[in-house]
Amino acid sequence: MAKQGQSTTNLEGLTTAAREATNATPAGKGLPPVHLWNPPFCGDLDMRIASDGTWFYMGTPIGRSALVRLFSTILKREDGKHFLVTPVEKVGIRVDDAPFLAVEMRKEDGDRGRLLRFRTNVDDWVSCDSAHRLRFEADADGGLTPYLHVRADLWAKVTRALYYDLVDIGEERVVDGREMFGVASSGEFFAMADAAQVRAAL
């Protein structure tokens with residue numbers, strides 16, 4: 001018997017529902033249209049995405065990357081909470097930080113100058129532009145953690161190694177009358193911090 005507030009859905013049932021939802025998506029149309037689905041909430045599942053991008057089910061890491069990839073396609077965020085959604089049910093999961101991790105970056109020449117493209121830990125490629133912005137959150141130790149907007153209200157935390165790569169290609173620009181240090185991609189400028197603070201830290 002499931003505890004109150006706990007979903008009776010097991011991993012096998014959720015996997016089957018996710019596969020059916022994905023298979024119903026027209027070929028070449030990309031991800032399932034989770035934004036169109038509004039099924040009943042079926043409780044919370046004992047699933048967690050750790051800050052390093054590892055998915056856990058009942059405290060055990062999900063070792064199959066294909067399964068993690070499948071679940072990532074039916075992920076949705078509403079009112080600050082994360083859910084796995086199919087056309088027939090919605091279950092809550094825990095996310096320690098961001099649901100995705102940006103693990104690789106490529107610099108390309110785009111129509112609007114340099115274009116930064118990021119690969120997530122579930123093998124999605126995301127171009128950094130006005131629709132997929134970088135934001136920088138202050139850490140408790142005074143550092144910064146970058147996040148990349150992937151889709152809807154879902155973000156990827158950029159790894160520390162890639163953060164240093166961003167700093168290496170950073171530049172100073174005046175934003176709203178202030179000198180800011182940041183990085184440019186696809187004609188957009190994403191400010192990291194006050195330029196004077198960055199100069200003092202280097």
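**The sheet and its neighbours**

Mentor: Start with the open sheet of 6 strands, in the order β9-β8-β7-β12-β11-β10, with mixed pairing. Strands here are DSSP runs of E with at least two residues, helices are H or I runs of at least four, and both are numbered from the N terminus. Two strands pair if DSSP finds at least two bridges between them.
Mentor: This is a predicted model, where local features need pLDDT of at least 70, side-chain atom pairs count only at pLDDT 80 or more, and totals for chains, interfaces and linings use all residues. Residues are numbered from 1 along each chain as its sequence is written, and side-chain values use heavy atoms, leaving out hydrogens and water.

Trainee: Which are the edge strands?
Mentor: β9 (125-127) and β10 (134-138), each pairing on one side only.

Trainee: And how many bridges join β7 to β12?
Mentor: There are 3, between residues 100-110 and residues 154-158, and the two strands run parallel. Phe 100 stands opposite Ala 156 of β12.

Trainee: What does α3 touch on the sheet?
Mentor: α3 packs against β7, β8 (113-120), β10, β11 (144-151) and β12. Contact means heavy atoms within 4.5 Å.

Trainee: Switching to Asp 165, where is that residue found?
Mentor: In helix α3, residues 160-168.

Trainee: How far is Asp 165 from Met 105?
Mentor: They are 60 residues apart in sequence and 8.7 Å apart in space, C-alpha to C-alpha.

Trainee: Why is Asp 165 called partly exposed?
Mentor: Because its relative accessible area is 34%; buried means under 20%, exposed over 50%, and partly exposed in between, with a 1.4 Å probe and protein chains only.

Notes:
Axes fitted to C-alpha atoms, helices over the stretch in contact; angles between N-to-C directions.
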